[in-house]
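I opened my notebook for a slow walk through one more model. Here is what I had on screen, so please look along with me.

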Amino acid sequence: MAATHGEYRGYLRNTVDMEAGQQRFHPVQQSSETTYRPLLFGTLAVMGLLQVASSVAILLHLTGYLQEVDLTTAPHRPIEEVQTEPVLNALRDPRKNRRCKSPKESLPSAHLPIRTHQELSKKGEPKAITIDWDEEHGYRHRIGYMKGKMLVEESGFYYIYAKTCFRYYKYVPEESSQAGTSPVDVSNAQLIQYVYYESIKKNSKATLLMKTGSTMRWNNTSYNMYCAQQGRGIRLEEGDALYVNVSNAWMLDPEGEGTYFGAVKLGP
């Protein structure tokens, strides 16, 4: 009976201790909930703000896209056209959305090949003479021409270019050989190209603009060819003139692909 009473008292003690233990740990649980609850709410608030911001950004992006693509007609057009049209619209420069210039509005320019049938200096004479150009087979726009000279009709900054080709091949007809005519000596041929301009502000006085060339040691018994080409920019006034002189012009290549003269206006 005594043992039973002792066991009962031990049971009561254990029960009281357990309740006391639960009371001791309960305040700790409340402290943990108090610590983590604001952190949880703060995290949820930040995530909510980020989601709202991303939604607004996507909405703005779609709004801008819908301004360029008409969704009511998109299903009826090819997929490639719907995808590429916004890109093309973005790359298109609004300043270029202007009508094409008519010939009257385009810049002055000219390109003239050599005139094949013209009287050149006699063989062996090194004096430079002015080349005559072929208007019929050339091109001129708002640039005049007269007796080998281009005439500036509009002031501005121009690019001038010229090319001359010289060639020589010994050919002595039978009648010339019988008459004892000797061939021309080209063993020391001076082939020089000069580009001049006459300024109306300087009373049309000729001024050398460019010069190039070489002294060729050609062979009288073989085919020989040499080309000189040059170009530069210059400010020209209305009324100025341009022309090309060459030495030993009788050796000029008569083909327009090898000998030509041109000018184009680049700006005011």
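My entries follow, from the ground rules to the salt bridges.

**Ground rules.** I am reading a predicted model, where local features need pLDDT of at least 70, side-chain atom pairs count only at pLDDT 80 or more, and totals for chains, interfaces and linings use all residues. I number residues from 1 along each chain as its sequence is written, and side-chain values use heavy atoms, with hydrogens and water left out.

**Overview.** I looked up the secondary structure of the protein chain and found three helices and 11 strands. Helices (H or I, at least four residues) and strands (E, at least two) are DSSP runs, numbered from the N terminus. From the N terminus on, I read the order as α-α-β-β-β-β-β-β-α-β-β-β-β-β. The chain has 268 residues, and 29% of them are buried; buried means under 20% relative accessible area, exposed over 50%, and partly exposed in between (1.4 Å probe, protein chains only). I also noted an accessible surface of about 18,800 Å², with 56% of it belonging to carbon and sulfur atoms; the areas come from the Shrake-Rupley method with a 1.4 Å probe, and for residues only the protein chains shown count as cover. Of the contacts (heavy atoms within 4.5 Å) between residues at least 6 apart in sequence, 74% join residues at least 24 apart.

**The sheet.** Next I traced an open sheet of five strands, in the order β3-β1-β11-β6-β9 with antiparallel pairing; two strands pair if DSSP finds at least two bridges between them. The edges are β3 (139-141) and β9 (224-236), each with a single partner strand, so one side of each lacks a neighbour in the sheet. Inside the sheet, β6 and β11 (residues 260-267) pair over seven bridges, and I found Ala-162 bridged to Phe-261 in β11.

**A hairpin.** I then turned to β4 (residues 143-146) and β5 (residues 149-152), antiparallel strands joined by four bridges. Tyr-145 faces Met-150 in β5. Two residues separate the strands of this hairpin, and Lys-147 in the turn has a positive phi of about 50°.

**Salt bridges.** I counted eight salt bridges, each a side-chain nitrogen of Lys or Arg within 4 Å of a carboxyl oxygen of Asp or Glu. Asp-132 and Arg-115 meet at 2.8 Å, N to O. Asp-132 is in the loop between β2 (129-130) and β3 and Arg-115 in the loop between β1 (109-113) and β2, so the pair ties together parts 17 residues apart in sequence. Arg-140 forms a salt bridge with Glu-135, with closest N and O atoms 3.0 Å apart; Arg-140 is partly exposed at 36% relative accessibility, and Glu-135 is partly exposed at 38%.

My last entry is Arg-142, whose salt bridge with Glu-154 has its closest N and O atoms 2.2 Å apart. Arg-142 lies in the loop between β3 and β4 and Glu-154 in the loop between β5 and β6, so this pair links parts 12 residues apart in sequence. Salt bridges with shared partners join Arg-142, Glu-154 and Lys-265 into one network.
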